[in-house]
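Q: Hi! Could you walk me through this one?
A: Happy to, here it is.

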Amino acid sequence: MRLLRLLLVITLALVAGPALALIETYEFSKPELEARYQQLSEELRCPKCQNQNIADSNAPIAQDLRRLLHQQLEQGASDAEIRNYMVARYGEFVRYRPRFGGATAILWLAPVLLLIAGIAVLLLTLRSRSTRTTVSGAAGLSAQEQERLRSLLERAEQDA
Amino acid sequence: MGPRLKLFLPLILFALLAITLFRGLGLDPSEMPSALIDRPLPPFSLPALGQAVALTEADMVGQPALLNVWATWCVSCRVEHPYLKQLAEQGIPIFGINYKDDDAAAQHWLDELGNPYRFNIADREGTLGLDLGVYGAPETYLLDAEGVVRYRHVGVVDEKVWRTILEPLYQQLKTRSDAP
């Protein structure tokens, strides 16, 4: 019983962490705005703590950006307008899904290029392996060579 | 590709990877270029700290200068403060943005520690900071004589940062603005 209670306490303590992290809540005039708020705050990166989006971060700058996001959504700004506003101030860096072009091209293209390179290497390896087996097989020898092989084997047997 | 060359392929790949990763060690991922580089300061009108006047971006035009974002709650700002005073004594114009701070606390700080700033912009709500793309004090912007942002340094400005990064750029801007 005591063990059970301890386990319960530990579980509750683990669950309580994220609940504490939620510091402010915003009221939205329309539920549709709230959905966009969730989506945008997950897509925008916190400039201070670079491996978190602004939804997850407790840094003061992330709080400011969340407040700003809420304001702009309520004022009727479109998603594109909000993204452009953030990029104009913090650079392409604030987006977890940067637009294609310039320095970000490599981010978008690298996975595709690596996949193509991988497939190319795989195909080349498979092909060279299959040609090698046909060449090294008995079929790869000419009639003359087969004759020589037989005589060599015979001589070896006689010597033994 | 010859079989001899193929043998060295893993070594070559390893060398390339090693060079890339080694370079990565020397880079500071938290340092990112400002989106404002080579663009004029965003327009603003904010009260001056301790004075009943409004300041705008036009008040910083005329000579190359440093624009320092600071606050009394910022520990690193206290660290760089003595060096900023040294720079001011050498005649380098420094403007301040008192970022998301309490006016009285900021005034007290300047009275106690000394004031290296030509003037301070009281950015109580952090609106100017937002337009500048400030993400944490201290930050220092290098402005040219036309008020265009030429460089942004995030973190403490000390002797090393000044000598190696800011001073060469500052001198370059100064000779350019003095020339015509």
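Q: In β5(B), what is the bridge partner of Asn98(B)?
A: Ala122(B) is the partner. Strands here are DSSP runs of E with at least two residues, helices runs of H or I with at least four, numbered from the N terminus. This is a predicted model: local features need pLDDT of at least 70, side-chain atom pairs count only at pLDDT 80 or more, and totals for chains, interfaces and linings use all residues. Residues are numbered from 1 along each chain as its sequence is written, with chains lettered from A and ligands numbered from 1 in the order written.

Q: How do β4(B) and β5(B) pair?
A: In the parallel sense, over four bridges; pairing needs at least two DSSP bridges.

Q: And what is the strand order in the open sheet?
A: The order is β5-β4-β3-β6-β7 in chain B, with mixed pairing. β5 (120-123) and β7 (149-154) of chain B each have a single partner strand, so one side of each lacks a neighbour in the sheet.

Q: Switching to the core: which residues touch the most other members?
A: Leu67(B), Tyr99(B) and Leu143(B), in the largest nonpolar core of 47 residues. Such a core joins buried Ala, Val, Leu, Ile, Met, Phe, Trp, Tyr and Cys through C-beta atoms within 7 Å.

Methods: Buried ≥ 20, exposed ≤ 12 C-beta atoms within 10 Å, placed from the backbone.
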